[in-house]
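Hello,

Here is the structure I promised to pass on to you. Please have a look at it first, and then read on for what turned up in it.

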Amino acid sequence: MTARSAKAAPPRPARRTGFGPRPARGGAPRNPRGTYTRLRRAWDRPLTAYYLVVGGSLLITVLGLVMVYSASQIKALQLGLAPTYFFRKQLLAAVLGGILMLVAARTTVRVHRTLAYPLLAVSVFLMTLVQIPGIGVAVNGNQNWINLGGPFQMQPSEFGKLALVLWGADLLARKQDKRLLVQWKHLLVPLIPVAFLLLGLIMLGGDMGTAIILTAILFGLLWLAGAPTRLFVGVLGAATVIGALLIKTSANRMARLACIGATDPGPQDQCWQAVHGIYALASGGFFGSGLGASMEKWGELPEPHTDFIFAITGEELGLAGTLSVLALFAALGYAGIRVAGRTEDPFVRYAAGGVTTWITAQAVINIGAVLGLLPIAGVPLPLFSFGGSALLPTMFAIGLLIAFARDEPAARAALAMRQPVFGRKLAGVRRKTMRRRVKKRPSGER
C-alpha cells in the first residue's frame, strides 16, 4: 500500500433530509441580525435622502394631479366649466413648478443666499398690494389674492413662506459665522420684527391658516438656531396669546374651533364641512369606493379639490390610499431632517430645517382638520391640493432640498461614480473609432 492510498478520503457532506432551515451560501445559517445590518447600511447610504426627496415629492405631486382630476369634475360642472378645467390649471402649475424645482436643484447655495433679500422685498411689496382696493381680491372672506387677468390669480403670502425661509436662514447663518447668536438680541432682531411684519400683512387679509404656517417656520428657525428654552417659551407664549385674541374676536374662527370632533352639522350647518369630511373618510373603508366614485364631491363636501382633497382620497382610495399619502409625507419629512442634520453649512441646515417645518406643519394642519382633530384653517395639502400659488413655491422649496442633498460630499462622490461613461471625456484615454489605425511612416519614406 502506497502513502497516497493510505490517506483517508475527505468526509462527504451530510445529505439534507428536508427538515430544518436551509443553509445560506457558504454553509452558514442565515442570521436575522445580519439582514438588519445590511438593511441599515443600505438605508444609511449617501444618496438615501436625495432619492427620498425626489421620489416622495414626485409621487405626491402625481397622485395629487390624479385626485384633483377626480375631485374637481363635479365642482367644475356646477360652475358651468369644462370637467377638466381645474385639472388643466393644476397640470400647468405642476409643469411650471417642475421647471422651478429643476432650476432650484441646479442652483448653487451662494446664488440661493443672494436671492433671499430680493425675494423678501418682492413678497412684502406684493402682500402690500393685496390690501389696496381694486388690486386685492377677496376669496371665501379672506382678501389675500391678486388678480393676474382672466382665470389666473396669485396669493403672495405663499411666496412669503419661501422668502422667510431663505432670508431667515441667510440671516442666522451670517450671525453664526460671526458668533453673535449667543446674544438674545441678535437672535431675535431683525428676525422677529420681519416675521411680525409678514404676519401683520397676512392677518390684514384675515388668513389665519397661512399665519400659523409662517409662525411654525419662525419657531423652526429659532429652534435650529439654538434659542434658549426660556426665550423660546416666551415667544411661543406671546404668539399663543395673540392667536387666542384673534380667534376670540372673530365669530367665524370661534365657529371653526367649535367644530373640532363634531359629528353633527349643528345649528345653521356651521360644522357641515367638518362633518362631511368625516363621512367621506368613513365611507371609504380599507380600499375605497374606487377612483372617481366619490359621493361627497357631488355638492355635499365644499372645497373637495382644495382643503378637503384628503377626505376625497380616503373615500375613493380608502385607508390604504390615505396611509400611502401619510407615508410619503413622513419620508419627505425624514429626508429633510436628515439633510439638515448631516450638513456642516449653517445656511443649508437652517434652510433645510425651515422647508421641512413648513411642509410638515402644513400637512399636519390640513390632515388634522380633515380628521376633525384640529380647526379648519383653510390651508392646502402641500403638493397635493389644487392651487398654483401654493404649488409653485413649494416645488421650488423641494428643489432646495434636492440641491442640499446633492451637495453633501459623500453624495457628490456617489453621483460622480454613477455618471454614464459614454459621452464623458476621460483624461489619458483615446476614444475608439471605426477608422483603421495607419502605422506612421518614417520621414522620407514614399
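Before the first result, one term: two residues are in contact when they have heavy atoms within 4.5 Å of each other. Please also keep in mind that this is a predicted model. Among contacts between residues at least 6 apart in sequence, 69% join residues that are at least 24 apart.

Now for the overall make-up. The protein has 446 residues, and 44% of them count as buried. Its secondary structure comes to 16 helices and three strands.

Next, the nonpolar cores. The largest one has 110 residues, and L222, I398 and F404 are those with the most contacts inside it. Helix α14, residues 346-370, gives the most to this core, with 13 residues.

How many disulfides does a search of the whole structure find? There is one, and it joins C259 to C271, with 2.1 Å from S to S. The link of C259 and C271 is left-handed, with -90 degrees about the S-S bond. Both cysteines sit in the loop between α11 (251-258) and α12 (272-282), 12 residues apart. Are C259 and C271 buried or exposed? Both C259 and C271 are buried.

Finally, the empty space inside. Rolling a probe the size of a water molecule over the atoms shows where such space is left. Counting those of 30 Å³ or more, there are four cavities. The largest cavity has a volume of about 60 Å³. Which residues line the largest cavity? They are M127, V130, Q131, Q143, N144, S157, L201 and I202. Strand β2 (142-149) and helix α8 (191-204) are the elements that give two or more residues to this lining. By class, the lining of the largest cavity has four nonpolar and four polar residues, and no charged ones.

That is what I have for you on this one. Enjoy exploring the model, and do write back with any questions.

Best wishes

Note on methods:
Residues numbered from 1 in each chain as written. Predicted model: local features only at pLDDT ≥ 70, side-chain atom pairs only at ≥ 80, totals over all residues. Heavy atoms only, no water. Disulfide = S-S within 2.5 Å. Helix = DSSP H or I, 4+ residues; strand = E, 2+ residues; numbered from the N terminus. Buried < 20%, exposed > 50% of the residue type's maximum accessible area, 1.4 Å probe, protein only. Core = buried A, V, L, I, M, F, W, Y, C linked by side-chain atoms within 4.5 Å. 1 Å grid on protein atoms, 1.4 Å probe; cavity = no way out; pocket = protein on both sides within 12 Å on 5 of 7 lines; lining within 4 Å. Points joined across faces, edges and corners; volume = space filled by probe spheres on them. Nonpolar A, V, L, I, M, F, W, Y, C, P; charged D, E, K, R; others polar.
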